[in-house]
Amino acid sequence: MYVYDEHDHKILSERVAQFRGQVDRYLEGEISDEEFLPLRLQNGLYIQRLAPMLRIAVPYGMLTSVQLRKLASIARDYDKGYCHVSTRQNIQFNWPSLEDVPDILAELATVQMHAIQTSGNCIRNTTTDQFAGIAPDEIVDPRPYCEIIRQWSTFHPEFAFLPRKFKIAVTASLDDRAAVQVHDIGLQIVKNDAGTVGFRVLVGGGLGRTPVIGSVIREFLPEEDLLTYLDAILRIYNQFGRRDNKFKARIKILVRAMGPEVFAEKVEEEWQHIKNSPARLTGEEIDRAKSFFTAPPYRQIDDAAVSAALQKHTDEELAFSRWLNRNVQPHKVPGYAAVTLSLKPAGVSPGDITDKQLELLADLADQYSFGEVRTTHEQNIVLGDVAKSDLYDLWKVLKPAGFATPNIGTLTDIICCPGGDYCSLANAKSIPVAEAIQRHFNDLDYLYDLGDLDLNISGCMNACGHHHVGHIGVLGVDKKGEEFYQIQLGGNAGEHSSLGNVLGPSFGRDEVTDVVQKIVDVYVQSRNPDEQFIDTYRRIGIDPFKERVYAKAD
Amino acid sequence: MRKLIKDGAVVTDDWQFVDADHGTVDALPVGKVIVPLALWLENKAELSKHLPKVGVWLNGEEDTAQLHDDVAQLPLIAVNFPVFTDGRGFSAGRLLRERHGFSGELRAVGNFLRDQLCYLRRCGFNAFSLNEKYDPQAALASLGDFSEYYQGAVDEPLPLFRRRALTS
């Protein structure tokens with residue numbers, strides 16, 4: 001975990017003072033609503049339907065137990081006792097008052113946290129794989145590069161007023177768990193033939209109104225060139241991105257209008273001017289960043305012996321066996337595992353977590369996982385470094401805490417935006433739709449039989465719920481003031497990313513669960529042995545689903 | 001006369017700003033004038049005779065390379081911010097300083113916020129024609145919103161990581 005030095009602390013404390021002054025001047029009337037808008041957004045503060053929403057940055061998803069306890073106390077003291085894990089690994093508070101925000105920021109600063117650039121038309125929090133540093137399939141740990149990008153992007157003087165928001169994601173494994181193909185910039189860490197680490201650079205991916213898979217503009221960028229190349233991309237975007245129409249202002253529109261080849265040439269040309277500037281990274285700095293993400297003191301564990309002991313528990317307890325299958329993921333160190341805590345039990349808004357749960361999580365992190373946890377873009381939480389010998393004890397604690405719903409990767413592990421219950425942009429509510437689906441599909445054996453199935457719900461076309469890349473995507477739409485839901489099929493967020501296709505006319509809220517059931521039925525009847533939903537869909541196409549869902553009831 | 005923030009102090013502005021639609025060379029006011037880029041480019045020979053009493057202003061979206069050959073002789077370049085959300089002027093400032101080597105007065109004009117002063121300063125601006133609703137004396141504080149930065153820019157070319165390495 002990165003640890004602030006006096007420079008980081010100074011920048012953060014100056015930020016707290018700056019925002020406190022801005023809030024004072026706003027409340028005194030010196031700053032107008034229009035002028036305050038970008039200032040508060042760049043500090044993660046939205047004015048929502050019922051109250052402001054404050055989005056706290058969780059750089060690349062890493063949190064310490066100390067930070068978790070601080071979030072718990074803020075939830076209790078300034079909010080209604082809970083917060084929400086967003087689809088970009090951040091934490092959101094739904095009920096703070098504007099006057100309290102400077103104090104909340106001051107409290108966050110004491111644990112090296114902030115809300116810098118979590119909204120607004122600037123470079124947002126950099127996200128990555130929730131299994132960074134522990135995944136058996138990664139090339140190198142992506143987090144040092146994420147931290148380097150965090151520092152570079154924080155208060156970048158040139159790129160704070162971009163045409164539109166700008167999101168960067170980094171992955172270091174082929175099985176892309178960070179959805180880099182649907183980010184403004186996606187960085188895929190690769191090794192070239194000489195074994196040198198670098199980046200495959202994608203630009204212009206994104207969800208929202210115009211979903212696009214990013215284009216590769218450079219197959220191999222040496223690691224020292226990371227920041228100067230990012231500067232070049234951002235400078236081209238800042239200068240040439242559209243500013244006349246908010247809906248056409250993302251970089252994906254520019255890349256598409258220029259063509260990826262021309263865009264790449266422009267970036268290359270700009271880069272030639274700055275690639276050898278002092279912004280060029282040094283090996284020393286990369287090593288410094290890496291020094292914060294070293295392996296914790298793992299114990300020597302006899303993997304075979306501990307696996308045998310686990311086998312005994314799984315034979316005796318079906319519930320433990322289910323949890324082990326779905327919620328426990330492999331780790332690169334023998335004898336260790338990553339444990340995903342589901343924030344998706346039926347009856348809880350997907351991604352919500354209470355103050356008491358945060359505190360328990362902090363204790364569990366200290367006891368079982370070297371004091372750290374990770375948030376995931378699927379809105380769950382991961383204990384990254386759990387000894388396999390502790391898994392059974394941990395499960396016993398997780399169950400009563402509401403963290404052990406064994407549904408990771410299944411149909412009920414729904415990605416869902418806050419929707420019309422909270423968000424002023426939403427066309428429709430999304431949480432009740434998620435809840436109805438979770439209650440309907442409550443038979444675990446049936447869920448497991450369905451296998452890996454991503455269902456994503458967004459309450460409007462801004463696509464915070466990533467509906468375009470759900471195997472089944474649900475999009476809230478407004479028709480003459482009434483809430484309807486459009487269904488999409490065939491999206492995928494992993495290595496072979498794809499965007500969903502619209503099934504047909506939209507449905508009322510009470511019909512959605514039934515439609516999902518019909519879609520699932522078509523899959524079950526059409527699948528080959530061991531074929532996952534997305535593969536069946538790709539084989540048979542959308543028509544059989546259409547026929548079933550829209551069949552006349554005669 | 002209008003107040004101006006220049007080099008960290010409030011001073012009186014002795015330049016006259018010529019709008020885009022009001023400029024012919026014959027009709028220019030007497031004294032120090034800041035003319036639109038198009039007028040400068042079309043009448044460079046004539047206007048050059050009045051140097052150093054001529055400055056040029058451009059919009060953030062205009063290509064700063066058009067002034068590349070002129071920066072050595074121009075005493076002042078102003079970048080106009082049509083709306084404060086239009087960040088192109090930040091790139092324009094850096095390009096004028098870092099790529100084209102302009103060392104004269106680089107002035108921000110138009111519709112920018114007091115809260116952008118620190119970023120503007122970092123991008124090479126040293127003069128600010130702030131909206132008159134602000135108290136310029138109070139606004140000086142925003143120039144120093146930050147005294148430490150991660151990235152290198154015009155004011156401090158070395159990014160923090162290079163400076164950290166020097167002191168450790």
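## Domains of chain A

Domain bounds here come from an automatic or database domain assignment. For chain A that assignment gives domain 1 (6-109), domain 2 (135-290), domain 3 (303-401) and domain 4 (415-549). The C-alpha centres of domain 1 and domain 2 of chain A are 27 Å apart.

This is a predicted model, in which local features need pLDDT of at least 70, side-chain atom pairs count only at pLDDT 80 or more, and totals for chains, interfaces and linings use all residues. Residues are numbered from 1 along each chain as its sequence is written, while chains are lettered from A and ligands numbered from 1 in the order in which they are written.

## Helix H4 of chain A

Helices (H or I, at least four residues) and strands (E, at least two) are DSSP runs, numbered from the N terminus. A residue is called buried if 20 or more other C-beta atoms lie within 10 Å of its own, exposed if 12 or fewer, and partly exposed in between, with C-beta atoms placed from the backbone. In helix H4 (residues 101-109) of chain A, the buried residues are A:Val101, A:Ile104, A:Leu105 and A:Leu108. Viewed down the axis of H4(A), these buried residues fall within an arc of 100°, so they line one face of the helix; the arc is that of the directions from the helix axis to the C-beta atoms. An α-helix has 3.6 residues a turn, so residues three or four places apart point the same way.

Contact means that the C-beta atoms of two residues, placed from the backbone, lie within 7 Å. The buried residues of H4(A) pack against helix H1 (6-27), strand S1 (45-47), strand S2 (52-56) and helix H3 (65-78) of chain A. A:Asp100 is in the loop between strand S5 (91-93) and H4 of chain A. A:Asp100 is partly exposed, with 18 other C-beta atoms within 10 Å. A:Asp100 and A:Val23 are 77 residues apart in sequence, and their C-alpha atoms are 10.0 Å apart.

## Strand pairing in chain A

Two strands pair if DSSP finds at least two bridges between them. An open sheet of five strands in chain A has the order S6-S7-S8-S9-S10, with mixed pairing. Its edge strands are S6 (127-128) and S10 (215-222), each of which pairs on one side only. Strand S9 (residues 197-203) and S10(A) run antiparallel and are joined by five bridges; A:Val203 stands opposite A:Ser215 in S10(A).

In strand S15 (residues 381-387) of chain A, six of the seven residues are buried, so this strand is largely enclosed by the rest of the structure. Five bridges connect S15(A) to strand S12 (residues 336-341) of chain A in an antiparallel arrangement, and A:Ala337 has A:Val386 as its bridge partner in S15(A). Strand S14 (residues 372-375) of chain A also runs antiparallel to S15(A), through two bridges, with A:Arg374 opposite A:Val382. S14(A) and S15(A) form a hairpin with five residues between them, and A:Gln379 in the turn has a positive phi of about 70°.

## A:Val433 in helix H14

A:Val433 lies in helix H14 (residues 431-440) of chain A. A:Val433 is buried, having 26 other C-beta atoms within 10 Å. Leaving aside residues up to four places away in sequence, A:Val433 touches A:Ile457, A:Val474, A:Tyr485, A:Arg509 and A:Val512. A:Val433 and A:Thr513 are 80 residues apart in sequence but 7.7 Å apart in space, C-alpha to C-alpha.

## Chain B

Chain B has six helices and eight strands, which run β-β-β-β-α-α-β-β-α-β-α-β-α-α from the N terminus on. Its radius of gyration is 16 Å, close to the 15 Å that the globule rule gives for 168 residues, so chain B is as compact as a globular protein of that length. The radius is taken over C-alpha atoms, and the globule rule is 2.2 Å times the number of residues to the power 0.38. Buried residues account for 42% of the 168 residues in chain B.

The eight strands of an open sheet in chain B have the order S2-S1-S8-S7-S6-S5-S4-S3, and the pairing is mixed. S2 (9-12) and S3 (16-17) are the edge strands. Strand S4 (residues 33-36) and strand S5 (residues 54-59) of chain B run parallel, joined by four bridges; B:Val33 stands opposite B:Val54.

## Contact between the chains

In chain B, 31 residues are in contact with 29 residues of chain A. On the chain B side, the elements that give two or more residues are helix H3 (88-99), helix H4 (117-122) and helix H6 (160-167). By class, that side has 15 nonpolar, six polar and 10 charged residues. Ala, Val, Leu, Ile, Met, Phe, Trp, Tyr, Cys and Pro count as nonpolar, Asp, Glu, Lys and Arg as charged, and the others, Gly among them, as polar.
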